[in-house]
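Hi everyone, thanks for making time. I'd like to walk you through one protein model, piece by piece. Have a look at it first, and then we'll start.

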Amino acid sequence: MPSTLSRLFAVIRDHLGLNVTAIDPRVTRRLYVKDASVRHCNGACCRGGATASLDERDRILAHAGQVGDAMTSRVRRSPTRWFGERIKRDEDFTAGRTASTRVVDGACVFYRTDGLCALQVAGEKGQGSPFALKPAVCLLWPLCVQDRKLDVGYAWFTRRRECCAPVRKGDRTILEVIVPD
């Protein structure tokens with residue numbers, strides 16, 4: 001494996017907590033329309049909730065006061081209602097086990113009424129980084145790790161071609177869609 005890929009995999013593993021050993025060929029395929037960009041995001045991907053490793057869940061709950069202050073959800077003062085009770089085994093996470101964020105009023109419990117993520121707001125305000133509390137799957141999206149492969153996330157739920165929903169024949173790769181404008 002070339003050293004660049006080794007470094008990429010190490011960053012994803014060591015900093016995001018995801019096990020990745022290969023890159024799916026879809027990452028280099030032109031699957032997006034010419035003007036697609038994550039800068040056109042409207043947060044539709046946040047509506048279904050997210051998966052967090054147990055380490056990430058525990059880190060969020062350890063900062064429940066800051067996170068609750070940044071939330072607009074009606075359960076913002078009830079941290080026990082932020083994550084589902086079901087714990088799943090997931091080999092794609094170095095922690096090996098995951099929990100899902102709850103969906104409240106049609107969106108992830110951390111999705112704010114202004115379209116921002118409460119975890120990002122709380123992380124920036126209390127931890128000095130907007131990424132300090134955000135789960136790896138959210139940070140990496142629209143890339144994902146599936147079966148230990150870095151892959152293109154399926155944005156079927158957004159159907160927004162201008163953002164990150166793949167098409168059959170496109171002009172851009174996912175790497176071009178996520179690069180800063």
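**Cysteines, a sheet, some rings and a pocket**

So, searching the whole structure turns up zero disulfides. By disulfide I mean a pair of cysteine sulfur atoms within 2.5 Å. If the word is new to you, a disulfide is a covalent bond between the sulfur atoms of two cysteines.

Quick housekeeping. This is a predicted model, where local features need pLDDT of at least 70 and side-chain atom pairs count only at pLDDT 80 or more, while totals for chains, interfaces and linings use all residues. Residues are numbered from 1 along each chain as its sequence is written, and side-chain values use heavy atoms, with hydrogens and water left out.

Back to cysteines. Cys-46 counts as partly exposed because its relative accessibility is 28%. Cys-144 is at 16%, so that one is buried.

Now the sheet. Strands here are DSSP runs of E with at least two residues, helices are runs of H or I with at least four, and both are numbered from the N terminus. Two strands pair if DSSP finds at least two bridges between them. What is the order of the three strands in the open sheet? It goes β1-β8-β7, with mixed pairing. β1 and β7 are the edge strands, each pairing on one side only.

Let's take the two pairings in turn. β1 (residues 22–23) runs parallel to β8 (residues 149–152), joined by two bridges, and Ala-22 stands opposite Lys-149. β7 (residues 143–146) pairs with β8 in the antiparallel sense, over four bridges. There, Lys-149 turns up again, as the bridge partner of Gln-146. β7 and β8 make a hairpin with two residues between them, and Asp-147 in that turn has a positive phi of about 55°.

On to the rings. Rings of Phe, Tyr and Trp (its six-membered ring) pair if their centres lie within 6.5 Å; planes under 30 degrees apart are stacked, over 60 edge-to-face, and the rest tilted. How many aromatic pairs does that rule give? The count is two. One is Trp-82 with Phe-110, edge-to-face, at 5.5 Å centre to centre and 75° between the planes. These two sit 28 residues apart, Trp-82 in the loop between α3 (64–70) and β3 (88–89), and Phe-110 in the loop between β6 (107–108) and α4 (118–127). Trp-82 is at 0% relative accessibility, so it counts as buried, and so does Phe-110, at 1%.

Then there's Phe-83 with Phe-110, a tilted pair at 5.9 Å centre to centre and 55° between the planes. Phe-83 is buried too, because its relative accessibility is 5%. Put together, ring pairs link Trp-82, Phe-83 and Phe-110 into a cluster.

Last stop, the second largest pocket. On a 1 Å grid over the protein atoms alone, a pocket is an open set of points where a 1.4 Å probe fits, with protein on both sides within 12 Å along at least five of seven lines; lining residues have an atom within 4 Å of a point. This one is lined by 14 residues, and His-15, Leu-16, Gly-17, Glu-56 and Arg-59 lie nearest its centre. Which helix gives the most to the lining? That's α2, with three residues.

Technical notes:
Buried < 20%, exposed > 50% of the residue type's maximum accessible area, 1.4 Å probe, protein only.
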